[in-house]
Amino acid sequence: MGKAQKTRKFAQVKRLLNPNDIRLKENQLKQKQKEKEEKEKATRRVEQVASSMFLAHNSALVPPYRVLIDTNFINFSLQNKLELMSGMMDCLYAKCIPCVTDCVMAELEKLGHRYRVALRVARDPRFERIPCSHSGTYADDCIVQRVTAHRCYIVATCDRELRRRIRKVPGVPLMYIVTRRYAIERLPDQGAPV
């Protein structure tokens, strides 16, 4: 007699809703609605190109060039024994103003004792300090966000992933280190007719 009662209780627990139940259809409709909204959000919209751009020529880039520097660019410059200011001037043949964001400074401070020389170089008074208004200290996102908003910068980085992200932004030149020298990529000829 005890066994039969246990089985009945087990069967009562295992009962499921009928697949044709109204409550399930409401849930399915809600789920389809959510999926539809996610698909709409996932569709990419082509970003409007800035008015200073004409084909691949960025008219906002004029000497003195403002060079936005990444954390690893300072570090690799020190490892390759390159002086930042003179190296940039040799590469661009014009005056350069190195710019460092708050996120890059925070990243250098977080890296600790081994990067103290890079931090000292970044604190040089010749470097322009750019304040950040966003939350977090991830320098790559900060640089990409600043470059898409204002296309008056040249981005100096040795990070491949960051370079790949910035190449998608039209009219932003990249500076990196090749064979113990600075190299520039995609700098438009200023004297060429448009």
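Contact here means heavy atoms within 4.5 Å. Axes are lines fitted to C-alpha atoms, for helices over the stretch in contact, and angles run from 0 to 180 degrees between N-to-C directions. This is a predicted model: local features need pLDDT of at least 70, side-chain atom pairs count only at pLDDT 80 or more, and totals for chains, interfaces and linings use all residues. Residues are numbered from 1 along each chain as its sequence is written, and side-chain values use heavy atoms, without hydrogens and water.

**The sheet**
- Six strands form an open, mixed sheet in the order β5-β4-β3-β6-β7-β8.
- Strands pair if DSSP finds at least two bridges between them.
- β5 (128-130) and β8 (181-185) are the edges; each has a single partner strand, so one side of each lacks a neighbour in the sheet.
- Four bridges join β3 (residues 65-69) to β6, and the two run parallel.
- In that part of the sheet, valine 67 stands opposite isoleucine 154 in β6.
- β6 (residues 153-156) also runs parallel to β7, joined by two bridges.

- α7 lies across β3, β4 (96-101), β5 and β6, at about 155 degrees to β3.
- α8 lies across β6, β7 and β8, at about 150 degrees to β7.

**Helix against helix**
- The axes of α7 (residues 139-149) and α8 (residues 160-167) come within 10 Å and cross at roughly 20 degrees.
- That makes α7 roughly parallel to α8 (angles under 35 degrees).
- Asp140, Asp141, Ile143 and Val144 of α7 meet Leu162, Arg165 and Ile166 of α8.

Definitions and conventions:
Angles under 35 degrees count as roughly parallel, over 145 as roughly antiparallel, 65 to 115 as roughly perpendicular and the rest as oblique.
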